[in-house]
Amino acid sequence: MGITIKTAEEIEKMRVAGRLAAEVLEVIAAHVQPGVSTLELDRICHDHIVNVQKAIPAPLNYRGFPKSICTSVNQVVCHGIPGEKRLKKGDIINIDITVIKDGYHGDTSKMFSVGQPSVLAKRLMDVTQQALWVGIKQARPGYRLGDIGHTIQTFVEARHYSVVREYCGHGIGREFHEDPQVLHYGRPGTGIELLPGMCFTIEPMVNAGKQQVKLKPDGWTVVTKDRSLSAQYEHTILVTEEGSEVLTLRREEHARIAKSK
Ligand code: MF3
Ligand code: CO
Ligand code: CO
């Protein structure tokens, strides 16, 4: 399937799905505490999505994924499967939420720290979140996908961290993963031109050490090869005439948006 330009009706549904995905991250925040298991976090999110939002957790049974959210702790880069393991002080965790509402997807993730993060972990999370936002600012009509990737890569590497190459952002809408692929590295002025009505995610994965990753035998969990910490933030965005709209914006980020305009 090629890249779709969303109609006004579809955009309204994408806004709803995006808001719901963001809301799950707001709801789960209070539960990310020492001693909680990632399975318990999965259950809380699942129940909220299904019973309160009347929506569908997209990861559940997606290509055989067994749970409703992804929980990626410390050296886990992405696609961590919720399980019995309990969080402890000093852990960092990415929680990735994708909901389907009225046939449309909203996909977003953020980092949480359990208790006080180390200085390195804090800096890694901050740099990764900033990398997402410098990428978002490159999402404007007439700009190209390569501009987003290049800006993120340059920002991250200037801070002596590395960008994961094997996983990328993606078009999103009726399908979880649509065209195009949104790489978090690249060359300026390359790739497709961005047009109003396009929806895609930007979701850089940044390692404190080297960029290489490996897949665990469970077929899902991706870890850093050198066991260094990894962080990720993700938003679903819509390209507009003026620039872009972040469909999965959380309340805590409103100030950031006002500032970036
Ligand atoms: N939410 C992830 C993304 O950002 C994909 C998770 S696929 C799953 O694209 F199967 F692991 F849920
Ligand atoms: Co995504
Ligand atoms: Co996601």
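Trainee: Where is Ile 172 found?

Mentor: Ile 172 sits in the loop between strand E7 (169–171) and E8. Helices (H or I, at least four residues) and strands (E, at least two) are DSSP runs, numbered from the N terminus. Please keep in mind that this is a predicted model, where local features need pLDDT of at least 70, side-chain atom pairs count only at pLDDT 80 or more, and totals for chains, interfaces and linings use all residues. Residues are numbered from 1 along each chain as its sequence is written, chains are lettered from A and ligands numbered from 1 in the order in which they are written, and side-chain values use heavy atoms, with hydrogens and water left out.

Trainee: Is Ile 172 buried or exposed?

Mentor: Buried means under 20% relative accessible area, exposed over 50%, and partly exposed in between (1.4 Å probe, protein chains only). Ile 172 has a relative accessible area of 0%, so it is buried.

Trainee: Which residues does Ile 172 touch?

Mentor: Contact means heavy atoms within 4.5 Å. Not counting residues up to four places away in sequence, Ile 172 touches Lys 6, Met 14, His 105, Gly 106, Asp 107, Glu 178, Cys 199, Phe 200, Thr 201 and Thr 236.

Trainee: Now for charges. How many salt bridges does a search of the whole structure find?

Mentor: A salt bridge is a side-chain nitrogen of Lys or Arg within 4 Å of a carboxyl oxygen of Asp or Glu. The search finds 15 salt bridges. One of them joins the side chains of Asp 102 and Lys 13, at 3.9 Å, N to O. Asp 102 lies in the loop between E4 and strand E5 (104–113) and Lys 13 in helix H1 (residues 8–28), so the pair ties together parts that are 89 residues apart in sequence. Asp 102 is exposed at 56% relative accessibility, while Lys 13 is partly exposed at 30%.

Trainee: What happens at Glu 252 and Arg 250?

Mentor: Their side chains meet in a salt bridge of 2.9 Å, N to O. Glu 252 is exposed, with a relative accessible area of 53%, whereas Arg 250 is buried, with 2%. Salt bridges that share partners join Lys 110, Arg 250, Glu 252 and Glu 253 into one network.

Trainee: Which residues form the positive surface patch?

Mentor: Patches are made of residues with over 30% relative accessible area and no salt bridge; like charges are joined within 9 Å, and nonpolar side chains (Val, Leu, Ile, Met, Phe, Trp, Tyr) within 5 Å. Lys and Arg count as positive and Asp and Glu as negative; His and the chain ends are not counted. Here Lys 214, Lys 216, Lys 225 and Arg 227 form a positive patch. Arg 227 is in the loop between strand E12 (222–224) and strand E13 (230–232), and is exposed at 59% relative accessible area.

Trainee: How should I read the backbone angles?

Mentor: Most residues other than glycine have a negative phi, and most peptide bonds are trans. In this model, Asn 74 has a positive phi of about 55° although it is not a glycine. Asn 74 sits in the loop between strand E2 (70–73) and strand E3 (76–78), and is buried at 14% relative accessibility. His 79 also has a positive phi, near 60°.

Trainee: Which residues does the cis peptide bond join?

Mentor: The cis bond joins Asp 179 and Pro 180, with omega about 0°. Pro 180 is in strand E8 (residues 178–182).

Methods
Accessible areas come from the Shrake-Rupley method with a 1.4 Å probe; for residues, only the protein chains shown count as cover. The place of a charge is taken as NZ of Lys, CZ of Arg, CG of Asp or CD of Glu.
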